[in-house]
Amino acid sequence: MSVPLLQINNLSIEFNTRRGNLVAVEDISFEVAEGEIFGIVGESGAGKSLTGKAIIGLLEAPGRISGGKILLNNERIDNLPYEQMRRLRGKSIGMVFQDPLTSLNPLYTIGRQLIETIQTHTNHTATQAKNRALELLREVGIPAAEKRIDQFPHQFSGGMRQRVVIALALCVNPKLIIADEPTTALDVSIQAQILTLLKNLCRKHGTAVILITHDMGVIAETANRVAVMYAGKIAEIGPVREVVQNPQHPYAQGLMASIPVIGRKMKYLAQIDGSMPRIAERPSGCAFHPRCPHAIELCNKQIPELLNKGKTKAACLLFRNGNP
Ligand code: SF4
């Protein structure tokens, strides 16, 4: 069996604070194959963005990886020195964030930014790098690339800026792109265009994507597999089609029920009462128990493990011994 491109093994992330160590992400494991789009979905505070930042080595203090391993092509990357990790970020892992302006320098033309990135990681001459930059701009759908390459980020619309960021992420043919809420700040029609673009580019280049979002609709449209996160843990993980059509975990069931379905008449959309607990206030046992409609007595005492349930894995005490 071939080795997955990325392996996350028992990853934990904690914050050292004056009130002690707060565990933000706890013992999560998953794998991403070459060319796969792997979704991580959950509410704000679930730990999904921290997981993405840990993979690219951009966790900010006082956050730190407190346990587990991250392997890219079977080599550990979570313990690399800063400079080596910085090189790896440019060469093997690309990034696309919610706000394109966090990735673009407002003072430089987009051409300069693309060309510098290409030249930092390849032996291209200035002319070769410019040609590559133009090729990338055309590939991500920037019209009149020859003219726009000399423009500044503020001269682009939000959607076009995000296309430029995707071009920047693709500069050196990375093996993996981490896209954290890449479409959240965009209009719905532009969102769809950017997601289609990401999907097509990954298919063409064989690049894997970790797509982090709070929006299950985005995952359903784009990803191959998904991990649903709740309070720093994976609640359910499996093929997107299964998780969307036949969710097993009560939290995943609640998320799916809250998505409107075209053609289905509903007076109100379902909602999960309550909100995600803050890191310092996570309940004992299964962290979802105060909000769970199926909670049993044991749920506030015992932490559920991920168990096979149908074609997915779900962390729920109801599934012990193959029940229900
Ligand atoms: Fe609900 Fe209990 Fe399952 Fe948690 S373990 S999801 S509280 S039934």
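Modeller: Two strands pair if DSSP finds at least two bridges between them; strands are DSSP runs (E, at least two residues), numbered from the N terminus. This is a predicted model, where local features need pLDDT of at least 70, side-chain atom pairs count only at pLDDT 80 or more, and totals for chains, interfaces and linings use all residues. Residues are numbered from 1 along each chain as its sequence is written, and side-chain values use heavy atoms, leaving out hydrogens and water.

Colleague: OK. Which way do strand 1 and strand 2 run, and how many bridges join them?

Modeller: Strand 1 (residues 6-17) and strand 2 (residues 20-32) are antiparallel, with nine bridges. A hairpin of two residues connects strand 1 to strand 2.

Colleague: What about Ile13, buried or exposed?

Modeller: Ile13, which is in strand 1, counts as buried because its relative accessibility is 0%, where buried means under 20% relative accessible area with a 1.4 Å probe, protein chains only.

Colleague: Which residues is Ile13 in contact with?

Modeller: Beyond neighbours within four places in sequence, its contacts (heavy atoms within 4.5 Å) include Leu22, Val25, Leu50, Leu59, Arg64 and Ile65. Between the C-alpha atoms of Ile13 and Val25 there are 4.9 Å, although the two are twelve residues apart in sequence.

Colleague: Switching to the ligand: which residues are around it?

Modeller: Among them are His249, Pro250, Cys286, Phe288, His289, Cys292 and His294, counted with a heavy atom within 4 Å.

How values were computed:
Helix = DSSP H or I, 4+ residues; strand = E, 2+ residues; numbered from the N terminus. Buried < 20%, exposed > 50% of the residue type's maximum accessible area, 1.4 Å probe, protein only.
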